[in-house]
Amino acid sequence: MPRIRRAPTGNRLRVDPVACDGVGICAHLAPRLVTVDSWGYPILPVEPLDRSEQRSAALAVAGCPRRALFIDHG
Amino acid sequence: MTSPLTRADLGQRSHPSDPPRPAAPAAIFTAPAAIFTAPAAIFRAPVRFAPLSRTAEPDEGQDRQGVGEHVAAYGPRPDATRQGGPALIAALERSELTGQGGGHFPVATKWRTALAAGGGGTVVANCAEGEPASRKDAALLQRRPHLVLDGLALAAETLGTRRALIWLHEGDRATQSAVARAIAERREQSPLDVAFTVALGPDHYLTGESSAVVRGLNGGSALPSLPRQPAAVAGIGGRPTLVHNAETLAWVALVARTGVMTASPSTGSLVTVVGAGQLAVVEVAPGETFAELINRSSMASSRPAAVLVGGYGGSWLPWAEVAAAAVSDAGLRRLGASLGAGVIAPVAGGHCGLAETSRVLQFLAASSARQCGPCLFGLPALADLFARLSAGRCNEGDLRRLDRYAGQVIGRGACHHPDGAVRLVRSALRTFATDVRRHLADGPCAGAVRPALLPVPDIG
(Lines give C-alpha, C1' and ligand atoms only; values in the text may rest on other atoms or scores of the structure.)
Protein backbone atom coordinates (compact mmCIF):
# COMPACT_ATOMS: atom_id res chain seq x y z
CA MET A 1 0.00 0.00 0.00
CA PRO A 2 1.51 3.39 -0.93
CA ARG A 3 2.35 5.69 1.96
CA ILE A 4 0.62 9.06 1.94
CA ARG A 5 2.68 11.60 3.82
CA ARG A 6 1.15 14.92 4.79
CA ALA A 7 3.29 16.09 7.71
CA PRO A 8 6.89 14.85 7.44
CA THR A 9 8.69 15.00 10.81
CA GLY A 10 12.34 14.81 9.79
CA ASN A 11 12.68 11.63 11.88
CA ARG A 12 13.63 8.38 10.17
CA LEU A 13 13.03 4.80 11.24
CA ARG A 14 16.37 3.01 10.99
CA VAL A 15 17.88 -0.36 11.83
CA ASP A 16 21.34 -1.32 13.01
CA PRO A 17 21.85 -4.26 10.61
CA VAL A 18 24.59 -5.74 12.83
CA ALA A 19 22.19 -6.02 15.77
CA CYS A 20 19.21 -7.18 13.65
CA ASP A 21 18.63 -10.95 13.53
CA GLY A 22 15.63 -10.80 11.22
CA VAL A 23 13.17 -11.84 13.94
CA GLY A 24 10.49 -9.94 12.01
CA ILE A 25 8.29 -8.61 14.83
CA CYS A 26 8.71 -5.06 13.42
CA ALA A 27 6.94 -6.06 10.20
CA HIS A 28 3.94 -7.22 12.27
CA LEU A 29 3.90 -4.18 14.55
CA ALA A 30 4.29 -1.62 11.74
CA PRO A 31 3.14 -3.37 8.55
CA ARG A 32 2.74 -0.13 6.61
CA LEU A 33 6.33 0.91 7.35
CA VAL A 34 8.27 -2.34 7.40
CA THR A 35 8.44 -5.05 4.74
CA VAL A 36 10.86 -7.96 4.77
CA ASP A 37 13.38 -9.04 2.13
CA SER A 38 13.91 -12.53 0.68
CA TRP A 39 15.79 -13.56 3.83
CA GLY A 40 13.41 -12.07 6.42
CA TYR A 41 15.30 -8.86 7.23
CA PRO A 42 13.40 -5.57 7.46
CA ILE A 43 13.29 -3.04 4.62
CA LEU A 44 12.50 0.41 5.99
CA PRO A 45 11.28 3.59 4.29
CA VAL A 46 14.11 5.87 3.22
CA GLU A 47 12.00 9.04 3.56
CA PRO A 48 11.33 10.72 6.92
CA LEU A 49 8.36 9.50 8.93
CA ASP A 50 5.04 11.26 8.66
CA ARG A 51 3.45 12.56 11.86
CA SER A 52 0.74 9.90 11.50
CA GLU A 53 3.37 7.15 11.31
CA GLN A 54 5.28 8.05 14.46
CA ARG A 55 3.13 5.90 16.75
CA SER A 56 3.55 2.68 14.80
CA ALA A 57 7.27 3.38 14.33
CA ALA A 58 7.61 3.78 18.11
CA LEU A 59 5.75 0.48 18.61
CA ALA A 60 8.14 -1.32 16.27
CA VAL A 61 11.15 0.20 18.05
CA ALA A 62 9.81 -0.83 21.46
CA GLY A 63 8.94 -4.32 20.24
CA CYS A 64 12.32 -5.23 18.72
CA PRO A 65 13.82 -8.04 20.84
CA ARG A 66 17.33 -7.20 19.57
CA ARG A 67 17.04 -3.44 20.18
CA ALA A 68 18.13 -3.00 16.57
CA LEU A 69 15.47 -0.50 15.46
CA PHE A 70 15.81 3.16 16.33
CA ILE A 71 14.45 6.57 15.41
CA ASP A 72 17.11 8.77 13.81
CA HIS A 73 16.31 12.37 14.75
CA GLY A 74 19.17 13.75 12.62
CA MET B 1 40.72 33.39 -4.28
CA THR B 2 43.03 33.28 -1.27
CA SER B 3 45.78 35.76 -0.70
CA PRO B 4 49.26 34.28 -0.94
CA LEU B 5 50.30 32.91 2.40
CA THR B 6 53.60 33.66 3.98
CA ARG B 7 55.96 31.23 5.55
CA ALA B 8 54.90 32.50 8.96
CA ASP B 9 51.41 31.11 8.31
CA LEU B 10 52.91 27.65 8.37
CA GLY B 11 53.82 28.18 12.00
CA GLN B 12 57.33 27.83 13.30
CA ARG B 13 58.35 25.31 15.87
CA SER B 14 59.10 27.40 18.94
CA HIS B 15 58.95 25.06 21.88
CA PRO B 16 62.04 25.76 23.97
CA SER B 17 62.67 22.03 24.34
CA ASP B 18 62.48 21.39 20.62
CA PRO B 19 65.76 20.67 18.91
CA PRO B 20 67.00 23.46 16.68
CA ARG B 21 65.70 23.04 13.17
CA PRO B 22 67.27 24.26 10.00
CA ALA B 23 65.85 27.67 9.06
CA ALA B 24 62.99 27.23 6.62
CA PRO B 25 64.77 25.73 3.66
CA ALA B 26 64.53 27.30 0.25
CA ALA B 27 63.90 23.85 -1.19
CA ILE B 28 60.34 23.80 0.07
CA PHE B 29 59.42 26.89 -1.84
CA THR B 30 61.47 26.59 -4.99
CA ALA B 31 61.06 22.89 -5.68
CA PRO B 32 57.29 22.55 -5.32
CA ALA B 33 56.25 23.28 -8.87
CA ALA B 34 58.03 20.13 -9.95
CA ILE B 35 56.14 17.98 -7.50
CA PHE B 36 52.79 18.80 -8.97
CA THR B 37 53.48 19.51 -12.63
CA ALA B 38 55.83 16.62 -13.30
CA PRO B 39 53.91 13.38 -13.79
CA ALA B 40 55.85 11.66 -11.04
CA ALA B 41 55.75 13.33 -7.63
CA ILE B 42 56.08 10.14 -5.65
CA PHE B 43 57.24 7.38 -7.98
CA ARG B 44 59.26 7.91 -11.15
CA ALA B 45 58.72 4.37 -12.39
CA PRO B 46 56.02 1.77 -11.77
CA VAL B 47 56.54 -0.39 -8.66
CA ARG B 48 55.80 -4.00 -9.56
CA PHE B 49 54.39 -6.87 -7.50
CA ALA B 50 53.59 -10.51 -8.23
CA PRO B 51 49.80 -10.99 -8.00
CA LEU B 52 49.31 -12.44 -4.52
CA SER B 53 52.45 -11.06 -2.88
CA ARG B 54 52.80 -7.84 -0.92
CA THR B 55 56.57 -7.64 -1.36
CA ALA B 56 57.59 -5.28 -4.14
CA GLU B 57 59.80 -6.90 -6.75
CA PRO B 58 63.37 -5.64 -6.38
CA ASP B 59 64.34 -3.21 -9.09
CA GLU B 60 67.46 -1.21 -9.98
CA GLY B 61 68.71 0.77 -7.00
CA GLN B 62 65.96 -0.53 -4.69
CA ASP B 63 64.14 2.79 -4.82
CA ARG B 64 63.52 3.23 -1.07
CA GLN B 65 63.77 6.65 0.53
CA GLY B 66 65.26 6.75 4.00
CA VAL B 67 64.70 9.85 6.06
CA GLY B 68 67.75 11.58 4.52
CA GLU B 69 66.71 10.97 0.90
CA HIS B 70 63.16 11.92 1.82
CA VAL B 71 64.17 15.34 3.13
CA ALA B 72 66.52 15.83 0.18
CA ALA B 73 63.72 15.07 -2.27
CA TYR B 74 60.84 17.00 -0.72
CA GLY B 75 62.36 19.30 1.90
CA PRO B 76 61.68 19.05 5.62
CA ARG B 77 58.14 18.71 6.87
CA PRO B 78 56.42 22.02 7.66
CA ASP B 79 54.89 22.42 11.11
CA ALA B 80 51.10 22.41 11.50
CA THR B 81 50.86 23.56 15.11
CA ARG B 82 49.13 26.88 15.81
CA GLN B 83 48.51 28.94 12.65
CA GLY B 84 49.89 26.18 10.45
CA GLY B 85 46.84 23.96 10.94
CA PRO B 86 44.19 26.32 9.52
CA ALA B 87 46.48 27.25 6.61
CA LEU B 88 46.98 23.57 5.85
CA ILE B 89 43.23 22.83 6.03
CA ALA B 90 42.57 25.72 3.62
CA ALA B 91 45.21 24.34 1.24
CA LEU B 92 43.72 20.84 1.48
CA GLU B 93 40.34 22.32 0.65
CA ARG B 94 41.74 24.12 -2.42
CA SER B 95 43.48 20.91 -3.50
CA GLU B 96 40.14 19.05 -3.30
CA LEU B 97 42.01 16.08 -1.84
CA THR B 98 39.65 13.21 -1.01
CA GLY B 99 40.12 9.91 0.82
CA GLN B 100 42.13 7.60 -1.43
CA GLY B 101 41.21 4.42 0.45
CA GLY B 102 37.98 4.26 -1.53
CA GLY B 103 35.50 6.60 0.15
CA HIS B 104 36.73 9.82 -1.52
CA PHE B 105 35.36 11.96 1.29
CA PRO B 106 36.88 15.49 1.31
CA VAL B 107 39.86 15.54 3.70
CA ALA B 108 39.41 19.20 4.71
CA THR B 109 35.78 18.56 5.74
CA LYS B 110 36.82 15.63 7.94
CA TRP B 111 39.50 17.72 9.69
CA ARG B 112 37.08 20.61 10.27
CA THR B 113 34.52 18.21 11.75
CA ALA B 114 37.13 16.80 14.14
CA LEU B 115 38.22 20.30 15.21
CA ALA B 116 34.61 21.43 15.68
CA ALA B 117 34.11 18.40 17.94
CA GLY B 118 36.92 19.69 20.17
CA GLY B 119 40.03 18.29 18.49
CA GLY B 120 42.54 16.18 20.39
CA GLY B 121 41.82 12.47 20.13
CA THR B 122 43.71 10.17 17.77
CA VAL B 123 44.90 10.09 14.18
CA VAL B 124 45.22 6.79 12.35
CA ALA B 125 47.13 5.92 9.19
CA ASN B 126 45.03 3.14 7.72
CA CYS B 127 47.56 0.85 6.06
CA ALA B 128 45.47 -2.34 6.08
CA GLU B 129 45.17 -2.55 2.30
CA GLY B 130 42.52 -5.23 1.80
CA GLU B 131 41.84 -5.00 -1.93
CA PRO B 132 43.45 -8.13 -3.40
CA ALA B 133 44.54 -6.25 -6.54
CA SER B 134 45.72 -3.04 -4.85
CA ARG B 135 49.36 -2.47 -3.91
CA LYS B 136 49.58 1.33 -3.79
CA ASP B 137 49.74 1.50 0.00
CA ALA B 138 52.30 -1.32 0.17
CA ALA B 139 54.39 0.46 -2.48
CA LEU B 140 54.21 3.75 -0.59
CA LEU B 141 55.02 2.30 2.81
CA GLN B 142 57.87 0.18 1.44
CA ARG B 143 59.37 2.92 -0.76
CA ARG B 144 58.17 6.32 0.58
CA PRO B 145 57.26 5.62 4.23
CA HIS B 146 58.23 9.11 5.41
CA LEU B 147 55.61 10.81 3.23
CA VAL B 148 52.94 8.81 5.08
CA LEU B 149 54.47 9.48 8.51
CA ASP B 150 54.77 13.20 7.66
CA GLY B 151 51.09 13.30 6.70
CA LEU B 152 50.13 11.53 9.91
CA ALA B 153 52.23 13.95 12.00
CA LEU B 154 50.61 16.93 10.23
CA ALA B 155 47.13 15.55 10.97
CA ALA B 156 48.09 15.03 14.64
CA GLU B 157 49.48 18.56 14.98
CA THR B 158 46.43 20.08 13.34
CA LEU B 159 44.15 18.18 15.69
CA GLY B 160 46.34 19.01 18.69
CA THR B 161 47.22 15.45 19.69
CA ARG B 162 50.33 13.30 19.88
CA ARG B 163 48.47 10.00 19.50
CA ALA B 164 49.23 8.65 16.04
CA LEU B 165 48.49 5.03 15.17
CA ILE B 166 49.53 3.02 12.15
CA TRP B 167 47.02 0.25 11.43
CA LEU B 168 48.40 -2.76 9.53
CA HIS B 169 47.44 -6.32 8.64
CA GLU B 170 49.19 -8.72 11.04
CA GLY B 171 50.31 -10.93 8.14
CA ASP B 172 51.80 -8.09 6.08
CA ARG B 173 55.37 -8.53 7.37
CA ALA B 174 57.06 -6.66 4.51
CA THR B 175 55.10 -3.48 5.18
CA GLN B 176 55.39 -3.85 8.97
CA SER B 177 59.15 -3.97 8.84
CA ALA B 178 59.27 -1.04 6.39
CA VAL B 179 57.19 1.06 8.79
CA ALA B 180 59.21 -0.01 11.85
CA ARG B 181 62.43 0.89 10.02
CA ALA B 182 61.07 4.33 9.06
CA ILE B 183 60.00 5.11 12.64
CA ALA B 184 63.44 4.01 13.90
CA GLU B 185 65.13 6.28 11.34
CA ARG B 186 63.11 9.27 12.54
CA ARG B 187 63.87 8.47 16.18
CA GLU B 188 67.57 8.39 15.40
CA GLN B 189 67.44 11.87 13.85
CA SER B 190 65.55 13.71 16.61
CA PRO B 191 62.95 13.09 19.28
CA LEU B 192 59.82 11.83 17.51
CA ASP B 193 57.45 14.59 16.40
CA VAL B 194 54.43 12.55 17.47
CA ALA B 195 54.07 9.23 19.32
CA PHE B 196 53.86 6.82 16.38
CA THR B 197 52.47 3.45 17.44
CA VAL B 198 51.96 0.44 15.19
CA ALA B 199 48.74 -1.56 15.75
CA LEU B 200 47.98 -4.84 14.00
CA GLY B 201 44.58 -6.06 12.81
CA PRO B 202 43.50 -9.44 11.41
CA ASP B 203 44.23 -10.33 7.77
CA HIS B 204 40.69 -9.78 6.57
CA TYR B 205 39.33 -7.88 3.56
CA LEU B 206 37.27 -5.60 5.85
CA THR B 207 39.99 -4.85 8.46
CA GLY B 208 40.69 -1.56 6.66
CA GLU B 209 37.04 -0.44 6.62
CA SER B 210 37.07 2.74 8.70
CA SER B 211 34.42 1.74 11.26
CA ALA B 212 36.25 -1.61 11.64
CA VAL B 213 39.51 0.26 12.31
CA VAL B 214 37.88 2.32 15.06
CA ARG B 215 36.09 -0.69 16.57
CA GLY B 216 39.29 -2.75 16.53
CA LEU B 217 41.35 0.04 18.10
CA ASN B 218 38.65 0.51 20.74
CA GLY B 219 39.36 -3.05 21.86
CA GLY B 220 36.51 -4.73 20.00
CA SER B 221 36.62 -7.06 17.02
CA ALA B 222 37.98 -5.36 13.90
CA LEU B 223 34.70 -5.64 11.98
CA PRO B 224 32.49 -2.90 10.57
CA SER B 225 29.78 -1.36 12.74
CA LEU B 226 27.02 1.19 12.31
CA PRO B 227 28.37 4.16 14.25
CA ARG B 228 25.68 6.58 15.43
CA GLN B 229 28.24 9.39 15.06
CA PRO B 230 31.13 9.76 12.59
CA ALA B 231 34.60 8.80 13.89
CA ALA B 232 35.74 12.41 13.36
CA VAL B 233 33.28 13.36 16.12
CA ALA B 234 33.37 10.32 18.41
CA GLY B 235 35.82 7.57 17.45
CA ILE B 236 38.52 5.93 19.56
CA GLY B 237 37.69 6.38 23.25
CA GLY B 238 34.71 8.51 22.20
CA ARG B 239 37.10 11.29 21.10
CA PRO B 240 37.53 12.84 17.63
CA THR B 241 39.44 10.40 15.43
CA LEU B 242 40.83 10.88 11.95
CA VAL B 243 41.25 7.65 10.01
CA HIS B 244 43.08 8.24 6.73
CA ASN B 245 44.35 5.91 4.06
CA ALA B 246 48.17 5.83 3.71
CA GLU B 247 48.10 7.44 0.26
CA THR B 248 45.81 10.25 1.44
CA LEU B 249 48.40 11.10 4.12
CA ALA B 250 51.21 11.12 1.55
CA TRP B 251 49.32 13.75 -0.46
CA VAL B 252 48.68 15.71 2.76
CA ALA B 253 52.47 15.77 3.25
CA LEU B 254 52.97 17.12 -0.29
CA VAL B 255 50.15 19.69 -0.10
CA ALA B 256 51.64 20.95 3.19
CA ARG B 257 54.96 21.57 1.42
CA THR B 258 53.64 23.24 -1.70
CA GLY B 259 49.90 23.78 -1.58
CA VAL B 260 49.89 26.35 1.22
CA MET B 261 51.56 28.80 -1.19
CA THR B 262 49.47 27.81 -4.22
CA ALA B 263 46.06 29.11 -5.30
CA SER B 264 44.83 25.78 -6.63
CA PRO B 265 47.18 22.97 -5.63
CA SER B 266 46.49 19.74 -7.45
CA THR B 267 47.26 16.21 -6.45
CA GLY B 268 47.69 13.16 -8.62
CA SER B 269 46.89 9.67 -7.47
CA LEU B 270 48.45 6.28 -7.17
CA VAL B 271 46.71 3.46 -8.97
CA THR B 272 47.41 -0.25 -9.32
CA VAL B 273 47.19 -1.48 -12.92
CA VAL B 274 46.39 -5.19 -13.15
CA GLY B 275 48.14 -7.05 -15.95
CA ALA B 276 48.64 -10.69 -16.78
CA GLY B 277 50.72 -12.03 -13.91
CA GLN B 278 51.66 -8.63 -12.52
CA LEU B 279 50.39 -5.67 -10.51
CA ALA B 280 52.05 -2.30 -11.18
CA VAL B 281 51.65 0.77 -8.98
CA VAL B 282 51.68 3.81 -11.24
CA GLU B 283 51.44 7.47 -10.35
CA VAL B 284 48.82 9.25 -12.41
CA ALA B 285 49.30 12.95 -13.18
CA PRO B 286 46.36 15.34 -12.78
CA GLY B 287 44.24 15.19 -15.95
CA GLU B 288 45.82 12.02 -17.36
CA THR B 289 43.30 9.88 -19.26
CA PHE B 290 42.74 6.12 -19.21
CA ALA B 291 44.00 5.88 -22.80
CA GLU B 292 47.25 7.63 -21.83
CA LEU B 293 47.70 5.50 -18.71
CA ILE B 294 47.14 2.19 -20.52
CA ASN B 295 49.42 3.29 -23.37
CA ARG B 296 52.36 4.00 -21.09
CA SER B 297 51.92 0.94 -18.87
CA SER B 298 53.33 -1.53 -21.32
CA MET B 299 51.95 -4.49 -19.38
CA ALA B 300 48.37 -4.03 -20.54
CA SER B 301 46.81 -4.56 -23.93
CA SER B 302 46.55 -1.17 -25.63
CA ARG B 303 42.90 -1.63 -26.56
CA PRO B 304 41.10 -3.55 -23.83
CA ALA B 305 37.42 -4.40 -24.22
CA ALA B 306 36.48 -3.22 -20.74
CA VAL B 307 38.05 -1.96 -17.52
CA LEU B 308 37.23 -2.70 -13.89
CA VAL B 309 37.80 0.51 -11.93
CA GLY B 310 37.95 1.13 -8.18
CA GLY B 311 38.46 -2.31 -6.73
CA TYR B 312 36.59 -5.58 -6.41
CA GLY B 313 33.55 -3.64 -5.25
CA GLY B 314 34.01 -1.28 -8.19
CA SER B 315 32.51 -0.80 -11.63
CA TRP B 316 33.08 -2.36 -15.04
CA LEU B 317 33.09 0.20 -17.82
CA PRO B 318 33.30 -0.43 -21.58
CA TRP B 319 36.65 0.81 -22.93
CA ALA B 320 34.88 3.09 -25.42
CA GLU B 321 33.22 4.95 -22.53
CA VAL B 322 36.25 5.28 -20.29
CA ALA B 323 39.20 5.76 -22.70
CA ALA B 324 38.96 9.57 -22.86
CA ALA B 325 37.98 10.03 -19.20
CA ALA B 326 40.46 11.34 -16.63
CA VAL B 327 41.84 8.79 -14.18
CA SER B 328 40.32 10.60 -11.18
CA ASP B 329 37.33 10.20 -8.94
CA ALA B 330 35.73 13.32 -10.45
CA GLY B 331 36.28 11.97 -13.98
CA LEU B 332 34.73 8.64 -13.10
CA ARG B 333 31.78 10.12 -11.19
CA ARG B 334 30.56 11.54 -14.49
CA LEU B 335 30.40 7.93 -15.72
CA GLY B 336 28.57 6.73 -12.61
CA ALA B 337 31.72 5.07 -11.20
CA SER B 338 34.40 5.96 -8.64
CA LEU B 339 38.18 5.70 -8.51
CA GLY B 340 37.62 3.80 -5.24
CA ALA B 341 40.89 2.32 -3.99
CA GLY B 342 42.58 2.97 -7.36
CA VAL B 343 42.50 -0.52 -8.90
CA ILE B 344 42.45 -0.44 -12.71
CA ALA B 345 42.01 -3.80 -14.41
CA PRO B 346 41.80 -3.71 -18.21
CA VAL B 347 40.40 -6.88 -19.75
CA ALA B 348 41.12 -7.79 -23.37
CA GLY B 349 38.48 -9.21 -25.70
CA GLY B 350 39.58 -12.84 -25.35
CA HIS B 351 38.81 -12.96 -21.62
CA CYS B 352 35.33 -13.57 -20.27
CA GLY B 353 34.25 -10.60 -18.13
CA LEU B 354 31.44 -12.70 -16.65
CA ALA B 355 33.85 -15.43 -15.48
CA GLU B 356 36.18 -12.81 -13.97
CA THR B 357 33.22 -11.17 -12.20
CA SER B 358 31.97 -14.52 -10.92
CA ARG B 359 35.29 -15.36 -9.25
CA VAL B 360 35.52 -11.89 -7.68
CA LEU B 361 31.94 -12.15 -6.44
CA GLN B 362 32.72 -15.50 -4.75
CA PHE B 363 35.59 -13.74 -2.97
CA LEU B 364 33.36 -10.84 -1.88
CA ALA B 365 30.69 -13.23 -0.58
CA ALA B 366 33.32 -15.19 1.38
CA SER B 367 34.72 -11.89 2.72
CA SER B 368 31.46 -10.73 4.30
CA ALA B 369 31.85 -9.95 8.00
CA ARG B 370 28.71 -12.14 8.38
CA GLN B 371 27.11 -9.59 10.68
CA CYS B 372 24.28 -8.16 8.58
CA GLY B 373 21.58 -10.48 7.18
CA PRO B 374 21.25 -8.93 3.72
CA CYS B 375 25.03 -9.31 3.20
CA LEU B 376 25.38 -12.71 4.91
CA PHE B 377 22.59 -14.26 2.80
CA GLY B 378 22.39 -11.90 -0.17
CA LEU B 379 26.02 -12.03 -1.31
CA PRO B 380 26.20 -15.85 -1.60
CA ALA B 381 22.83 -15.79 -3.41
CA LEU B 382 24.18 -13.23 -5.90
CA ALA B 383 27.44 -15.17 -6.27
CA ASP B 384 25.62 -18.49 -6.93
CA LEU B 385 23.40 -16.98 -9.60
CA PHE B 386 26.36 -15.26 -11.22
CA ALA B 387 28.35 -18.51 -11.22
CA ARG B 388 25.48 -20.12 -13.17
CA LEU B 389 25.49 -17.22 -15.61
CA SER B 390 29.26 -17.56 -16.05
CA ALA B 391 28.93 -21.30 -16.64
CA GLY B 392 26.07 -20.82 -19.11
CA ARG B 393 23.56 -22.62 -16.85
CA CYS B 394 21.31 -19.63 -16.25
CA ASN B 395 17.82 -18.80 -17.53
CA GLU B 396 15.72 -15.62 -17.78
CA GLY B 397 14.18 -16.32 -14.36
CA ASP B 398 17.66 -16.46 -12.77
CA LEU B 399 18.50 -13.11 -14.37
CA ARG B 400 15.35 -11.58 -12.84
CA ARG B 401 16.27 -13.04 -9.44
CA LEU B 402 19.77 -11.58 -9.78
CA ASP B 403 18.22 -8.17 -10.36
CA ARG B 404 15.78 -8.55 -7.46
CA TYR B 405 18.45 -9.71 -4.97
CA ALA B 406 20.74 -6.86 -6.02
CA GLY B 407 17.94 -4.40 -5.20
CA GLN B 408 17.41 -6.06 -1.80
CA VAL B 409 21.10 -6.03 -0.84
CA ILE B 410 22.21 -2.51 -1.79
CA GLY B 411 22.39 -0.02 1.09
CA ARG B 412 21.42 -2.63 3.69
CA GLY B 413 24.71 -3.32 5.47
CA ALA B 414 26.48 -1.47 8.29
CA CYS B 415 29.33 -0.88 5.84
CA HIS B 416 29.45 -0.51 2.05
CA HIS B 417 30.70 -4.04 1.35
CA PRO B 418 27.33 -5.28 0.00
CA ASP B 419 26.92 -2.07 -2.04
CA GLY B 420 30.24 -2.79 -3.75
CA ALA B 421 29.13 -6.31 -4.65
CA VAL B 422 25.93 -4.94 -6.20
CA ARG B 423 27.89 -2.29 -8.10
CA LEU B 424 30.11 -5.06 -9.52
CA VAL B 425 27.10 -7.20 -10.54
CA ARG B 426 25.10 -4.40 -12.13
CA SER B 427 28.03 -2.90 -14.03
CA ALA B 428 29.04 -6.37 -15.30
CA LEU B 429 25.51 -7.09 -16.58
CA ARG B 430 25.54 -3.74 -18.41
CA THR B 431 29.11 -3.79 -19.74
CA PHE B 432 29.01 -7.44 -20.81
CA ALA B 433 25.35 -7.37 -21.96
CA THR B 434 26.21 -9.07 -25.28
CA ASP B 435 28.07 -11.87 -23.45
CA VAL B 436 25.11 -12.31 -21.08
CA ARG B 437 22.79 -12.98 -24.05
CA ARG B 438 25.36 -15.38 -25.56
CA HIS B 439 25.84 -17.27 -22.29
CA LEU B 440 22.06 -17.59 -21.98
CA ALA B 441 21.63 -18.84 -25.54
CA ASP B 442 24.79 -20.88 -26.22
CA GLY B 443 26.40 -21.70 -22.88
CA PRO B 444 29.80 -20.51 -21.68
CA CYS B 445 32.16 -18.75 -24.07
CA ALA B 446 35.70 -19.89 -24.89
CA GLY B 447 37.11 -17.11 -22.68
CA ALA B 448 35.43 -18.58 -19.60
CA VAL B 449 38.01 -21.36 -19.37
CA ARG B 450 41.06 -19.07 -19.71
CA PRO B 451 43.16 -18.58 -16.56
CA ALA B 452 41.91 -15.84 -14.23
CA LEU B 453 43.24 -12.34 -14.82
CA LEU B 454 42.04 -10.80 -11.57
CA PRO B 455 43.94 -12.24 -8.58
CA VAL B 456 41.63 -13.78 -5.98
CA PRO B 457 43.14 -15.03 -2.71
CA ASP B 458 42.07 -18.39 -1.31
CA ILE B 459 39.90 -17.84 1.73
CA GLY B 460 37.50 -19.78 3.94
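**Exercise 1. The contact between the two chains**

Task: Find how many residue pairs are in polar contact between chain A and chain B, and describe the rest of the interface.

Solution. Step 1: Between chain A and chain B, four residue pairs are in polar contact, both residues being at pLDDT 80 or more. That confidence value is a reminder that you are working with a predicted model.

Step 1: Next, see which elements of chain A are involved. On the side of chain A that touches chain B, β1 (12–15) and β3 (42–43) of chain A each give two or more residues.

Step 2: Look for charged partners. The rule finds one salt bridge across the interface of chain A and chain B. A:D37 and B:R412 form a salt bridge, with their closest N and O atoms 2.9 Å apart. The rule asks for a distance within 4 Å, so 2.9 Å passes the test.

Step 3: Now take in the whole interface. Chain A brings 12 residues into contact with 18 residues of chain B. Together the two chains bury about 1,200 Å², and carbon and sulfur atoms give 62% of this area. From chain A, the trio A:P17, A:V18 and A:W39 supplies 49% of what that chain buries against chain B, more than any other three residues.

**Exercise 2. The four-stranded sheet of chain B**

Task: Work out in which order the strands of the open sheet of four strands in chain B lie, and what packs on the sheet.

Solution. Step 1: Reading across, the order is β4-β3-β2-β5 of chain B, and the pairing is parallel.

Step 1: Check the ends. β4 (195–201) and β5 (241–245) of chain B are the edge strands, each pairing on one side only. On average, neighbouring strands of this sheet are turned by 25° against each other, direction ignored.

Step 2: Zoom in on one pair. Four bridges link strand β2 (residues 122–126) and strand β3 (residues 163–169) of chain B in the parallel sense. One place to look is B:V123, whose bridge partner in β3(B) is B:A164.

**Exercise 3. The six-stranded sheet of chain B**

Task: Trace the open sheet of six strands in chain B and find its edges.

Solution. Step 1: The strands follow the order β1-β7-β6-β10-β8-β9 in chain B, with mixed pairing.

Step 1: At the edges are β1 (47–49) and β9 (315–318) of chain B, each of which pairs on one side only.

Step 2: Within the sheet, strand β6 (residues 269–275) and strand β10 (residues 343–347) of chain B run parallel and are joined by two bridges. Here B:V273 stands opposite B:I344 in β10(B).

Notes: Residues numbered from 1 in each chain as written. Chains lettered and ligands numbered in written order. Predicted model: local features only at pLDDT ≥ 70, side-chain atom pairs only at ≥ 80, totals over all residues. Heavy atoms only, no water. Pairing = 2+ DSSP bridges. Axes fitted to C-alpha atoms, helices over the stretch in contact; angles between N-to-C directions. Contact = heavy atoms within 4.5 Å. Buried area = accessible area lost by both parts, 1.4 Å probe. Salt bridge = Lys/Arg side-chain N within 4 Å of Asp/Glu carboxyl O. Polar contact = N/O pair within 3.5 Å; in protein donor to acceptor, adjacent residues only side chain to side chain.
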